[in-house]
Amino acid sequence: MQVSHRFGAGSAMFDDDNLVSYGGLVPVMTLAEQTGLPHLLAEKVTITTSKITSGAANPAPKLTTLIAGMCAGADSIDDVDVLRSGGMTTLFDRVYAPSTIGTLLREFTFGHARQLESVLRTHLAALSDRVDLLPGGTKQVYLDIDSLLRPVYGHAKQGASYGHTKIAGKQVLRKGLSPLAAVLSTDDCAPVIAGMRLRSGKTGSGKGAGHMVAGAIATARAAGATGRVLVRGDSAYGTRKVVRACLRTGAQFSLVMTKNPAIKKAIAAIDDNAWTPVQYPNAVRDPDTGAWISDAEVAEISYTAFASTKDRTTARLVVRRVKDARYPDALIPVWRYHPFFTNSTLPTTEADLVHRRHAIIETVFADLIDGPLAHMPSGSFGANSAWVLCAAIAHNLLRATGVLAGGRYGRARGATLRRKIVAVPARLARPQRKPILHLPSHWPYASHWLQLWRNTIDYRPSVVA
């Protein structure tokens with residue numbers, strides 16, 4: 001491809017007030033209004049005492065501006081300024097400057113972040129009423145919980161501390177902040193975020209997990225998931241509090257257990273003839289060695305966890321074993337054992353395969369890291385807490401947008417939705433005072449974009465008599 005004109009130094013000018021850089025934000029933010037996001041922000045987020053006069057004024061439109069910026073790909077506060085260019089300020093009212101948004105975020109404390117977390121949960125339920133976000137939720141829903149460590153640098157980040165993370169299969173210490181997330185999914189949909197909370201980097205992965213699970217299960221029910229809920233997590237979440245939260249709410253659990261002496265004794269008690277080969281549809285990476293494996297053997301045994309406590313629980317201990325890659329030529333196989341504790345009624349091999357799909361939460365983390373969580377933009381812990389929750393709200397809003405666009409966009413990555421649906425250049429015209437967006441001809445994704453447009457702009461809520 002070659003440039004077909006000879007341009008001079010003065011041939012480029014930023015002077016068109018009718019050009020729009022993100023035309024796809026019109027249906028996206030229309031959907032946000034239809035699901036009551038501005039109203040929820042105004043109702044639930046209240047900052048009565050502020051560090052700066054008027055710093056906490058009008059939180060709803062400021063946070064809505066930030067969420068719109070994240071839907072357009074903002075990964076820092078300054079990136080939101082793109083919403084004030086060209087015809088964007090004509091398309092949208094009350095678009096705030098990045099400095100004003102930053103001032104608001106710095107007013108946030110832990111309590112204010114909890115208010116925003118309430119907005120996240122309530123808005124997910126509203127989105128599910130408007131869009132079928134959890135198809136198949138009347139039969140089975142999966143709730144996955146995990147945390148990640150987002151690296152930060154310098155000495156100005158509140159709450160930043162050294163925590164353990166895994167890079168290339170190796171445990172390393174890294175300075176950062178640690179968001180804890182709970183996501184919902186079914187066999188027929190991409191995951192949405194039911195809860196999120198920022199913590200310091202050195203915080204244990206399982207801290208606050210029991211409360212997070214209980215809240216996420218309630219959110220799943222509010223979002224129309226009337227079927228069984230299966231809570232999945234790694235060894236950091238195989239704790240009394242998480243299991244107790246599952247049992248109290250009627251959910252099933254599938255949680256990795258730390259290999260303590262009692263677990264090792266239970267594994268040793270499994271009969272040699274009880275092991276069943278299980279073939280994986282795709283190769284998986286051994287979580288301990290990092291080696292790729294494609295087959296394994298599984299067995300199960302009854303096990304009582306937390307036996308010396310009042311939360312004594314008896315269920316199935318399902319164990320997957322694979323040959324240790326460090327001893328490929330051993331005359332007697334050397335096995336590595338990976339146990340998880342579950343009260344599901346699935347057959348042993350199927351229970352193992354379903355548990356391994358817990359890795360779907362990593363796709364959510366990848367989406368967030370490729371978008372708003374590329375950075376922790378502020379030195380204030382409260383501001384970063386609000387940023388993380390706004391990122392979760394934007395993620396769910398984009399998920400609903402993809403479902404309304406139809407086709408493969410229902411499962412598309414956030415980056416794909418931003419590139420093909422949101423970042424559509426347009427020219428705003430108003431013949432006879434009727435606004436029209438002129439979009440690029442031959443846009444390769446026009447059919448799905450127009451399907452989203454019709455599903456939002458032409459939407460008329462049903463009236464109950």
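Predicted model: local features only at pLDDT ≥ 70, side-chain atom pairs only at ≥ 80, totals over all residues.
Local features required pLDDT of at least 70, side-chain atom pairs counted only at pLDDT 80 or more, and totals for chains, interfaces and linings used all residues. Residues are numbered from 1 along each chain as its sequence is written, and side-chain values use heavy atoms, with hydrogens and water left out.

A salt bridge was taken as a side-chain nitrogen of Lys or Arg within 4 Å of a carboxyl oxygen of Asp or Glu. By this rule the count is 11. Helices (H or I, at least four residues) and strands (E, at least two) are DSSP runs, numbered from the N terminus. Relative accessible area (1.4 Å probe, protein chains only) defines buried as under 20%, exposed as over 50%, and partly exposed as in between.

Asp-311 takes part in a salt bridge with Arg-240, with the closest N and O atoms 2.9 Å apart. Arg-240 lies in helix 8 (residues 240-248) and Asp-311 in the loop between strand 10 (292-305) and strand 11 (313-323), so this pair ties together parts 71 residues apart in sequence. Asp-311 is buried, at 12%. Arg-240 is partly exposed, at 33%. Asp-311 also meets Arg-244 in a salt bridge, at 2.6 Å from N to O. Arg-244 lies in helix 8, so this pair links parts 67 residues apart in sequence. Arg-244 is partly exposed, at 23%.

A further salt bridge joins Asp-352 and Arg-320, at 3.9 Å between the closest N and O atoms. Asp-352 belongs to helix 10 (residues 348-356) and Arg-320 to strand 11, so the pair ties together parts 32 residues apart in sequence. Asp-352 is buried, at 1%. Arg-320 is buried, at 2%.

Arg-114, Glu-117, Arg-121 and Arg-197 are linked in a salt-bridge network.
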